[in-house]
Amino acid sequence: MTKIIDTHAHLWNEDYLDKLGKLGSKGTEVAKGINQSASKEDLNKRFKDMDDSGVDMQILSATPQSPQWGTKEEAHQCANDINDLYRSLVQQYPDRFLAYGAVSLPYVDQAIEEAKTLLQQEEFVGIAIPTIVKDKVSIADKQFEPFFEAINDLHGTLYIHPTGCGAQSPLVNDYTLEWVIGAPLESTFITLHLLKNNIPQQYPNIKFHISHLGGALPFFMTRIKDNYEDWNAFDSDPWEILNKQFVYDTANFHEPSLINSVETFGADKFMMGSDFPYFQDEKYKRSVDYIKNSRLDQADIDGILSGNAIKFFNINHKH
């Protein structure tokens with residue numbers, strides 16, 4: 001029987017969210033009171049949704065509630081808090097959880113040291129970072145290049161998740177579309193930012209996990225490639241880089257979008273994702289069923305639900 005792995009799930013305790021809010025994060029309220037914590041009651045609800053949907057394991061991440069606010073010391077303490085919680089949960093429920101570690105970017109040197117420590121621990125499969133640091137600066141900005149260089153040296157995995165700040169576009173935010181379309185747009189923009197600044201090209205040992213089917217990337221792929229070939233929009237072939245170093249989760253839930261994405265990049269580039277706790281009950285079940293009941297080949301379905309994540313994260317080695 002296929003072991004279903006949810007690669008896009010979140011968990012935060014209220015005190016962590018309160019601390020981020022006091023330090024300047026504007027997005028914490030939307031994450032409160034939605035069965036998102038590690039309380040016994042919330043975990044039971046989470047496990048019920050997983051069991052009802054046939055999901056064996058979730059890979060937890062703190063993004064978009066990343067420990068990036070406050071002073072260097074305050075951000076480091078927040079990173080420690082959430083990482084300690086995830087480590088404890090993985091140890092307590094080793095068949096249920098693995099985690100992405102959280103680091104305190106924009107403090108680059110500190111984030112590098114945090115990543116080095118986390119990537120040595122078997123509870124963590126990689127590092128989760130936001131698309132836009134402190135809701136202002138693209139993660140692909142040159143100031144963060146030493147961080148990418150360090151992750152490359154560590155052969156690490158980076159999960160890049162939207163922040164919900166609408167890519168700082170008034171065309172999104174003035175119409176309160178931050179989560180309606182802003183999140184997948186951020187995934188689209190930041191992946192292309194990385195290519196424009198030659199981050200994957202310079203650091204080929206990094207594996208990138210992009211959420212929400214890669215946003216609009218599959219839909220625009222021919223346009224992206226044409227602009228490379230005819231107008232020198234990129235220094236190197238974006239198609240080649242995206243196929244070599246990037247994978248995507250399926251937190252989208254629209255079968256035609258899934259089919260388009262798989263036909264564009266190949267089924268082996270996709271891993272099941274739910275965006276729990278933002279989608280629960282029937283909509284959590286849908287995150288599995290829309291893959292399971294799709295017109296994809298059974299081998300591709302099994303890979304997306306299970307095999308691709310097992311290979312990408314080397315889960316059989318860890319568990």
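Predicted model: local features only at pLDDT ≥ 70, side-chain atom pairs only at ≥ 80, totals over all residues.
User: Is E145 buried or exposed?
Analyst: E145 belongs to helix 5, residues 145-153; helices are DSSP runs of H or I with at least four residues, strands are runs of E with at least two, and both are numbered from the N terminus. Relative accessible area, taken with a 1.4 Å probe on protein chains only, is called buried under 20%, exposed over 50% and partly exposed in between. Because its relative accessible area is 15%, E145 is buried.

User: With which residue does the side chain of E145 make a polar contact?
Analyst: Leaving aside neighbours within four places in sequence, E145 is in contact (heavy atoms within 4.5 Å) with I199, Q202 and Y203. A polar contact is a pair of N or O atoms within 3.5 Å; within protein, one must be able to donate a hydrogen and the other to accept it, and residues adjacent in sequence count only if both atoms are side-chain atoms. At 2.9 Å, the side chain of E145 makes such a contact with the side chain of Y203.

User: Which helix gives the most to the lining of the largest pocket?
Analyst: On a 1 Å grid over the protein atoms alone, a pocket is an open set of points where a 1.4 Å probe fits, with protein on both sides within 12 Å along at least five of seven lines; lining residues have an atom within 4 Å of a point. The largest pocket is lined by 25 residues, and V180, P184, H212, A251 and N252 lie nearest its centre. Helices 7, 9, 11 and 12 each supply at least two residues of this lining. The most, 5 residues, come from helix 7.

User: Which residues lie nearest the centre of the second largest pocket?
Analyst: The second largest pocket holds about 300 Å³ of space, a volume being the space filled by probe spheres set on grid points joined across faces, edges and corners. Its lining has 19 residues, and those nearest the centre are K26, G27, D135, T163 and C165.

User: How far apart in space are S88 and E123, C-alpha to C-alpha?
Analyst: S88 lies in helix 3, residues 72-92, and counts as partly exposed because its relative accessibility is 38%. S88 and E123 are 35 residues apart in sequence, and their C-alpha separation is 8.9 Å.

Methods: Residues numbered from 1 in each chain as written. Heavy atoms only, no water.
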